[in-house]
Amino acid sequence: MFFLILFVHAVGSKAYVEFRDLIRDWRPLCPLCLSRNLVLNGGYLRLLTILLLPEEAWVYRKKCPGCLQSFTLLPADVMPLHSYGQRLIAHRILACLDGIPLRSRLFYQQSGLVPTVSEGDSIEVGGRGRSWSDLLDSEGFAPSYQLFHYWRSKFSRRAQLWIPGLLIACILGGCDLRKRLGESLSDFRACPVDLHPVLLAAGLVGLLQEQPVRLSVASTLQLLCGSTSRSHKPLRAAGRPPPHCGGDLESSQLRADMERRSPL
Ligand SMILES: [Zn+2]
């Protein structure tokens, strides 16, 4: 028996931690057998991005008394197997698709990862003669630009595995690959060649979801997370969800309980 990941639909890390007792006591219907309600089955500490950077928080496991399948309940903004949240990773990959360099100072500042200071102030802080590149290497900003590079190459490798399956899904779904795909990708003329697989995958997911590429990057990365590098499993198991992902768990009752408890 293995643990499937279930995302709590529309509940982010902040709400997950803030309303931890509601999550603990929540007993949704088992999404696999639909016969019994899930019961609490322990939990573990995991890094969640509650504000900007990851911090340790408790996530709950649930078990179905009927089919005995165990689930880990994660907030909707978590990227499986990653410490950093979906928002930051998708933001960085989207910046890469726009051709923004991995060491970009503007990206660090706009993401709130370093204080926004003027060029002159930063020279004062870092010491005269120290450039932004020097600071990047000496200050150990988190996440590092080396981690950005790792994300970029990993998602690009995984996108290559998913493109044939996504193309088939688009063809079967009657998507307009000839015109609409080209139009949706035309904004990304500065995209580096090594990221073309990610761009194409996001474009195909965008066609399937009928939304612009920019809005599809996060869900594309979630999809790519389900594949293992250099594995052909996702292609052999076409149509099935990623091996570790049980999908979204509808949370309308939970959301209503949260809203009732929110001090508005
Ligand atoms: Zn079940």
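**Notebook: a look through a predicted model**

I began at proline 143, which I found in the loop between helix H6 (132–139) and H7. Here helices (H or I, at least four residues) and strands (E, at least two) are DSSP runs, numbered from the N terminus. The peptide bond that leads from alanine 142 to proline 143 is cis, with omega near -5°. I noted beside this that most peptide bonds are trans, and that most residues other than glycine have a negative phi.

Before going on I wrote down the ground rules. Residues are numbered from 1 along each chain as its sequence is written. The model is predicted, and local features need pLDDT of at least 70, side-chain atom pairs count only at pLDDT 80 or more, while totals for chains, interfaces and linings use all residues.

**Entry: the whole chain**

I looked up the overall make-up and found twelve helices and five strands in the protein chain. Of its 264 residues, 29% count as buried; a residue is buried if 20 or more other C-beta atoms lie within 10 Å of its own, exposed if 12 or fewer, and partly exposed in between, with C-beta atoms placed from the backbone. I then turned to contacts, where two residues are in contact if their C-beta atoms, placed from the backbone, lie within 7 Å. Residues 24 or more positions apart account for 67% of the contacts in the protein chain with a separation of 6 or more.

**Entry: the strands**

I followed the pairing of strands, where two strands pair if DSSP finds at least two bridges between them. Strand S2 (residues 39–48) and S3 are antiparallel and share eight bridges, and a hairpin joins S2 to S3 through six residues.

On which strand does S4 run parallel, and over how many bridges? S1 and S4 are parallel and are joined by six bridges, and in S4 the partner of phenylalanine 7 is leucine 74. I also checked how covered S4 is, and five of its six residues are buried.

**Entry: the largest nonpolar core**

A nonpolar core is a set of buried Ala, Val, Leu, Ile, Met, Phe, Trp, Tyr and Cys residues joined through C-beta atoms within 7 Å. The largest one here has 52 residues, and those with the most contacts inside it are Leu73, Ile93, Val198, Ala201, Leu221 and Leu224. Among the elements that give two or more residues to this core are strand S1 (3–8), strand S4 (70–75), helix H3 (86–97), helix H7 (145–172) and helix H10 (213–225). The largest share, eight residues, comes from H9. Why does the core lie between two domains? Domain 1 (4–81 + 239–261) and domain 2 (86–228) both give residues to this core, so it lies between them; the domain bounds come from an automatic or database domain assignment.

I looked at leucine 224 by itself and, leaving aside its neighbours within four places in sequence, listed its contacts as Phe155, Arg158, Ala159, Trp162 and Ala201.

**Entry: helix H3**

The expected span of a helix is 1.5 Å times one less than its number of residues. For the twelve residues of H3 this should give 16 Å, and the end C-alpha atoms are 16 Å apart, which agrees. Its buried residues include Leu88, Ile89, Ile93 and Leu97, and what covers the buried residues of H3 includes H7, H9 and H10. Glycine 99, which follows H3, has a positive phi, near 85°.

**Entry: cysteine 225 and two leucines**

Cysteine 225 sits in helix H10 and is buried, with 21 other C-beta atoms within 10 Å. Apart from neighbours within four places in sequence, cysteine 225 is in contact with Met79, Pro80 and Leu81. Leucine 81 lies in the loop between S4 and H3, has a phi near 65°, and counts as exposed with 9 C-beta neighbours inside 10 Å. Leucine 34, in the loop between helix H2 (20–25) and S2, has a positive phi near 55° and is exposed, with 10 other C-beta atoms within 10 Å.
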